[in-house]
Amino acid sequence: MNVIVETQKVTKTYVMNGIAVEAVRGVDLAVQPGEFVAIVGPSGSGKSSLLHMLGAMDKPTSGEVIFKGRALSKMGDGQRTDLRAKDIGFIFQMFNLLPMLSAFENVEVAMRFAGKGRKDRIARTKELMDRVGLTERARHQPRYLSGGEHQRVAIARALANNPALVLADEPTGNLDSKTGAGILELLRDICDRENQTVIIVTHDFRAASYADRVLVLRDGRIRGEAKIKGAADTHRALNQLLELELQ
Amino acid sequence: MLWDIALKNLWRRKLRTILAILGVATAVQLYLMISGIFTTYEQDTQHQLSAFAGKIVVERQMEELRGIADFTSSGSSLKAETAEELLALEGIDRSSSSAMIFIPIARSVMPYMPPAVVAVGIEPGHEKAFLGGFGMESGSAALHGPDDVILGQNAAKYYQPEGSNTPIAQGQTIEIQGQTFNVVGVLKQAPQIFGNAVILPLETAQKIFDRSNIVSSVILTAARVEDTQALKTEITTRFPTLTASTQDDMTKNANVMLEAMTKLMSLIKNSIIVVAIVVITIVVFVAVMEQRREIGILRAIGANRWRIFSLVAGESMIISLLGATLALPFAVFFVQWGMRSEFNSIPGIFQVWWQSIAVAAVIGLIASLLPAWKAVHVEPLEAMRYE
Amino acid sequence: MLLDLAIKTIWRRKLRSLLTILGVAVAIQLYLMMNGIMSYYDQDIQRQVSAFAGKVFIQRPMETIDAGEDFPSMNSSIGMETASSILSLDGVDRNTSSSVLFIALASASAPNMPPALLAVGIEPGHEKAFLGGIEIEAGSIDLSGSNSVILGENAAYYYGNPGSEEPLEPGDSVSIQGKDFNVVGVLKTASNLYSGAVIMPLETAQDLFDYPDTVSAVILTATRLEKVGSIKVAVQEKFPELKAFNQGDIAENANNIIAMQRYFFKMINNSVILATVMVITIVVMVTVMEQRKEIGTLRAIGAKRGRIFSMVVGQSVFLSVIGGVLALPISIVTNNVLVKALLSAAETLTVWLITMGACILIGILASLLPAWLAIHVDPLEALKFE
């Protein structure tokens, strides 16, 4: 199978104070290696829930998530945790860096969970800091870093263990447009140069335009999909999707 | 094992961490003091008992009520004739046997301790009956004149003149009940009753303390060690109102007393441990609650449950170990200051210290269980909650 | 007062509050236990001392190094002639005065207590010297028979028929140290000094225990109360190597004896209080930190600093008082087990009140730091983190 991750009729229902909320209502998707996929939708569309399930952090209410040919439902907590350590890199909307560690240490700690030795960890972290352009700021703690710098550290951390899949939850959600563009360019670059599979989730169509393929999610279901690689197509494809979005 | 993160977490909440460590240190210090005092006392008692190997101490028999035998302060009294009869028994080594009289001169501040200073009247020429196991610091172990006296080290300190810092030494004089005595010898460092002894001739003691023709007890040494038991049986048969105690008997008595003390001490110590555990549990628990998000992040990026557990356990154990370490100097200080010269050994405390480190580690572990359980069940999604 | 908010906060963090209360309860229980033991001693001393009102007690002293005298001393020895001289001093009521011989029959059951069984030889006809003011349970205090014996309550049980658990009564015979005696009286419950007493004629005691011509002490009663002082002085002058105790001296001595013990227990109690204060401080402080936003909101809508302060103090006091209340039943059990003396209702109430006072104090102390922090929360600051 060439698919990195796929979902089969996946649903997610939450119960909050006695009220059932169906966040995801049956989603089928499949992502190929090296693809850059964007899942677009307004807030409440269920996109975060979907991402959490793809990232082995949450279990579907029904349906299946299959990662590199293995069904997640058949895995124990230890195995899923291992997956998150070695095969998946997650970038959070709130960055979620550990406040008491420096940027360098934040990236380095992720490698401990993959069992890398100290020398290797340091070498790789240096490499990653370089890659995301933060070598000078590496020793600072998060509170001394700007929003964009936070996000870069988060990206570096996500890449630390050479994961098969990188997931990003609203990567530009908390950033101004210029900084956000920088982040997306970085992600794009990583995908192009290192053939990294990337899935982002966003409400912002401009962010989605960096992807190879865009899926529109609304009310827990995929309403539309478009391949947008190639400049000419982009505008039209996006317009179609926008219309879908506005319906 | 994420120790560095544990340390960083503790450092982030400095005030709280310091308070917790202090709280634990207080508890541990108390624990150490109690244990230290008790251990020192135990050791001293052992040491004292060892001096009675091969000997039999004959006194008036007391009732069997559950009580604590307090050697030499029992007020046992024997007529001189009875003593003579005992000393004339077959099979004893007369030169290492003697009639004795014990008269406390100063009371001990600690319960269950022999008097702080005690006059020991012994037959001149038979000093070995009492002093057999001990060497002299200075002078001789022989009472030649009626005014000769041999002092234990604590007794020597007791009699030091006002304003002086040096204990009485051989060649000097002391006054007892208005009479002057020559110090002909000072014992080496010895436990309890020996260190506290002021040894003088029996007749002199009887005279100055108004006890003519009375002795307190008789210490007998068997001519051959194997005969000790038989000798004891003979005494108890011939003198039914008297009791003959061998080293074993004395040890048994001492154990009864220690047992009583142990019970009380254990109760106190266990309460202390519970308090320490509660303190640490709360602190670590609260820390975990505050760090739900960070724990969620760690889980999200691949830390397994074991790692989270060890993080929490690590914080917990760091607090308890630091608290225990901090407590040691304070405990030493307080015991020495409080106990003054009653105890000669700080070793008692150090012996307990390594035990305390182990206990602290265990406390830290136990205290971490509840918070760790909580932490381990934090889902990765926690990291996403506040969006 | 915002007390209800304080209580709601405590309720919100149930597990944490529960743990804190548990910790406080255990600590306070320890505190109560120490107090229980000490008050047992205090009571015993009271009762012992009150028996010597109007009396002068003379024994050969030990040289004391602030440790107090053994009282009564088993090692004091006074010659018979000396005793007679003392008894014929001016102002002495010969009828209620006597020489006394004390011999420990069984060691004390607890440190710094009198012997558990104590043989007391006293002059027949002068029993009141030792027993004046002590109530009789049954029989009389007449020791005219040479093998008469009066038993204290515990002694009566000890020498009772083995296995029967019945104490001896007047009329029973008993064998003590190999000699047969007739029980002529049994004393009512009294201090430990008396409950273990085995009181017999002086000569009988001297003979039985090998103390010819010697007594341990002399107990004098003054013909008139005012004479106590002058008798004491007279004794010290004529017999400088002996020591005379009046009631006040006895009380002072008793306190010296247990000084060390008190110090030990005080130390434990102080540590307990310290630890408790820290526990509560930590917990309350953390709670305050968590509630920055709420406190900021309160301040923004007009709550004065005093209210915030009292809310935090309220939390703290509440935790510590509940802990104290919980500790009481636990301590009653442990005290009973340890000391085998259930305090009377009145005493228990006093102890309880004192403990509650201590808890409130602890609560207030513990709240000072967190409350200071709470007051300084800027209304705007707390609202910014949204």
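**A strand and an interface**

A: Strand 4 of chain B and strand 9 (residues 197-201) of chain B pair in the parallel sense over five bridges, where strands are DSSP E runs of at least two residues and helices are H or I runs of at least four, numbered from the N terminus, and pairing requires at least two DSSP bridges. This is a predicted model, in which local features need pLDDT of at least 70 and side-chain atom pairs pLDDT 80 or more, while totals for chains, interfaces and linings use all residues. Residues are numbered from 1 along each chain as written, with chains lettered from A and ligands numbered from 1 in written order.

Q: Why is strand 4 of chain B largely enclosed?

A: In a regular strand, side chains alternate between the two faces of the sheet. Here six of the six residues (117-122) are buried, so strand 4 of chain B is largely enclosed by the rest of the structure; buried means 20 or more other C-beta atoms, placed from the backbone, within 10 Å of a residue's own. Val117(B), Ala119(B) and Gly121(B) cover one side, and Val118(B), Val120(B) and Ile122(B) the other.

Q: How many residues of chain B are in contact with chain A?

A: 18 residues of chain B are in contact with 21 of chain A, contact meaning C-beta atoms, placed from the backbone, within 7 Å.

Methods
Two residues are in contact if their C-beta atoms, placed from the backbone, lie within 7 Å. A residue is buried if 20 or more other C-beta atoms lie within 10 Å of its own, exposed if 12 or fewer, and partly exposed in between; C-beta atoms are placed from the backbone.
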